[in-house]
Amino acid sequence: QVYVVIKPNSKHREEVYVGEGGALVVHTKEPAIGGRANAAAIKLIAEHFEVSRMSVKLIRGHASKYKVFEIYE
């Protein structure tokens, strides 16, 4: 399980990095409307861990900026 803090609608470039406490921080340009930010986060996390998008599953936090993802290999 991977703990993630998502920053939707970010003016920064889209990126993934390890923040304080060991949680991943995901900056995405997509707004938190209709699951668009979640989809963008899945794409960025998959690229970060070099796995397919189908290997990344959102477990908890669908409507929160604090999320838990599971990554399969």
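Guide: Two residues are in contact when they have heavy atoms within 4.5 Å of each other. This is a predicted model, in which local features need pLDDT of at least 70 and side-chain atom pairs 80 or more, while totals for chains, interfaces and linings use all residues. Residues are numbered from 1 along each chain as its sequence is written, and side-chain values use heavy atoms, without hydrogens or water.

Start with I45. Leaving out residues up to four places away in sequence, I45 touches V4, V16, V26, V56, F69 and I71. I45 is also one of the residues with the most contacts inside the largest nonpolar core, along with V4, V26, V56 and F69. That core has 15 residues. A nonpolar core is a set of buried (under 20% relative accessible area, 1.4 Å probe, protein chains only) Ala, Val, Leu, Ile, Met, Phe, Trp, Tyr and Cys residues joined through side-chain atoms within 4.5 Å. Two or more of its residues come from each of β1 (2-7), β3 (24-27), α1 (36-49) and β4 (56-60). The most come from α1, which gives six. The labels follow DSSP runs numbered from the N terminus: helices (H or I) have at least four residues and strands (E) at least two.

Now the strands. The open sheet has five of them, in the order β2-β3-β1-β5-β4, with mixed pairing. Two strands pair if DSSP finds at least two bridges between them. β2 and β4 are the edge strands, each with a single partner, so one side of each has no neighbour in the sheet. Strand β2 (residues 15-18) runs antiparallel to β3, and four bridges join them. The two form a hairpin with five residues between them, and G21 in that turn has a positive phi of about 80°. β3 also pairs with β1, this time in the parallel sense, again over four bridges. V25 shows both pairings: V25 stands opposite Y17 and is the bridge partner of V5.

Between β3 and α1 there is a loop, where T28 is placed. T28 counts as buried because its relative accessibility is 0%. The T28 side chain makes a polar contact of 3.2 Å with the side chain of E14. A polar contact is a pair of N or O atoms within 3.5 Å; within protein, one must be able to donate a hydrogen and the other to accept it, and residues adjacent in sequence count only if both atoms are side-chain atoms. The T28 side chain also reaches the backbone nitrogen of E30 at 3.3 Å.

E30 is in the loop between β3 and α1 too. With 29% relative accessibility, E30 counts as partly exposed. A polar contact of 3.1 Å joins its side chain to that of R36. Beyond four places in sequence, E30 is in contact with P8, N9, E14, R36, A37 and A40. The C-alpha atoms of E30 and V5 are 14 Å apart, with 25 residues' separation along the chain.

Technical notes
Buried < 20%, exposed > 50% of the residue type's maximum accessible area, 1.4 Å probe, protein only.
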